[in-house]
There are 2 protein chains.
Amino acid sequence: MGTDTLSQIFFALSDPTRRKILELLAGGEKSAGDLSKPFSMSAPAISRHLKVLEQAALIERKVDAQWRRCSLKPEGLMPADNWVSQYRKFWADRFSTLDDYLKDIQKKGSSTDE
Amino acid sequence: MGTDTLSQIFFALSDPTRRKILELLAGGEKSAGDLSKPFSMSAPAISRHLKVLEQAALIERKVDAQWRRCSLKPEGLMPADNWVSQYRKFWADRFSTLDDYLKDIQKKGSSTDE
DNA sequence: CTTTTAATTAACTGATTAGTTAAATACATT
DNA sequence: AATGTATTTAACTAATCAGTTAATTAAAAG
């Protein structure tokens, strides 16, 4: 994976469960248990996803009695956003919106993608 | 990793060698051999990194005699950019620039990071 | 003080990753 | 036709990942 900040962030984002967790936390603070419920996955599995997100500085876990109060640290995404932004100028010429792009790739490779 | 588009893109970006390759390609089309030179890594290793980037639709490889002409497909980053952009509003309040954020985290956790 | 609740850590398994060297492919050059 | 060049594929290894169940920790509640 690489141990630098950007690698950790992008790696954390490369899993659908972890992205979903971030989306849930965008709705406000939640306990580890709350975060487990929407997934058909054991609590330890979620716990380790939370650790990955925490180490990437994308969330924060505060101990509150036997609960872990998890909250989003959206500013943790800034390095990733900044890295990607280097490339915006390249695509801005040809595609003005994501929809443009998605239509374009659907037109071409019409395989069973997402 | 997950097999959906976003997972593939973020996973591709989670490796420093692959990010470096994209940066090299931002300077213009290069052969697989050209791309190998800056790295202390075998050609097959680079070849597989290129495959990961190609499958994530971040680069294109065209066959030209015994060369593979690799070029950046920056628009492949659009889905990632779009996903991250959901969170911009959250950090925009507190941090206006990446530097603000980097200074902030240096101030606090002054451990041996990166 | 015993039980219940919330969550993590430990130990394990199977799959995937990132690298290696050696072999194969494909085209260019002589 | 034989050799050299560019690159990928094959086969292998060591490390990491994502999940599981069982055990542990820590605090709340009775």
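## The interface between the chains

In this predicted model, chain B and chain A bury about 3800 Å² between them, and carbon and sulfur atoms give 67% of that area. The contact involves 40 residues of chain B and 40 residues of chain A.

On the polar side of things, 14 residue pairs are in polar contact across the interface of chain B and chain A, both partners being at pLDDT 80 or more. On chain B, the elements that give two or more residues to the side touching chain A are helix 1 (5-13), helix 2 (16-26), helix 5 (78-85), helix 6 (88-92) and helix 7 (98-107). That side of chain B splits into 22 nonpolar, 8 polar and 10 charged residues.

## Salt bridges across the chains

Counting over all chains, the structure holds 15 salt bridges, and 6 salt bridges run between chain B and chain A. One pair to look at is R19(A) with D4(B), whose side chains meet at 2.7 Å, N to O. R19(A) sits in helix 2 (residues 16-26) of chain A and D4(B) in the segment before helix 1 of chain B, so this pair joins two chains. Both ends are tucked away: R19(A) counts as buried at 6% relative accessibility, and D4(B) is buried too, with a relative accessible area of 16%.

Then there's R88(A), which forms a salt bridge with D81(B), with 2.9 Å between the closest N and O atoms. These two belong to a network of salt bridges that links D81(A), R88(A), D81(B) and R88(B).

## Two buried loop residues of chain A

Y87(A) is in the loop between helix 5 and helix 6 (88-92) of chain A. Is Y87(A) buried or exposed? Y87(A) is buried, with a relative accessible area of 2%. Leaving out residues up to four places away in sequence, Y87(A) touches R19(B), L22(B), E23(B), A26(B), L72(B), P74(B) and L77(B).

With a relative accessible area of 7%, E75(A) is buried. With residues up to four places away in sequence again left out, E75(A) touches W91(B), R94(B), F95(B) and Y101(B).

## Helix 7 of chain B

Y101(B), touched by E75(A), brings us to helix 7 of chain B, where the buried residues are L98(B), Y101(B) and D104(B). Why do they end up on the same side of helix 7 of chain B? They cover an arc of only 125 degrees around the axis, and that puts them on the same side of the helix. As a rule, an α-helix has 3.6 residues a turn, so residues three or four places apart point the same way.

What covers these buried residues of helix 7 of chain B includes helix 5 (78-85) of chain A. On the other side of helix 7 of chain B, K103(B), Q106(B) and K107(B) are exposed.

## Salt bridges within chain B

K37(B) and D34(B) form a salt bridge with the closest N and O atoms 3.2 Å apart. K37(B) is exposed, with a relative accessible area of 67%, whereas D34(B) is partly exposed at 34%.

E54(B) and R61(B) make another salt bridge, with 3.0 Å between the closest N and O atoms. Here E54(B) is partly exposed, with a relative accessible area of 31%, and R61(B) counts as partly exposed at 22% relative accessibility.

Definitions and conventions:
Residues numbered from 1 in each chain as written. Chains lettered and ligands numbered in written order. Predicted model: local features only at pLDDT ≥ 70, side-chain atom pairs only at ≥ 80, totals over all residues. Heavy atoms only, no water. Contact = heavy atoms within 4.5 Å. Buried area = accessible area lost by both parts, 1.4 Å probe. Salt bridge = Lys/Arg side-chain N within 4 Å of Asp/Glu carboxyl O. Polar contact = N/O pair within 3.5 Å; in protein donor to acceptor, adjacent residues only side chain to side chain. Helix = DSSP H or I, 4+ residues; strand = E, 2+ residues; numbered from the N terminus. Nonpolar A, V, L, I, M, F, W, Y, C, P; charged D, E, K, R; others polar. Buried < 20%, exposed > 50% of the residue type's maximum accessible area, 1.4 Å probe, protein only. Arc of directions from axis to C-beta.
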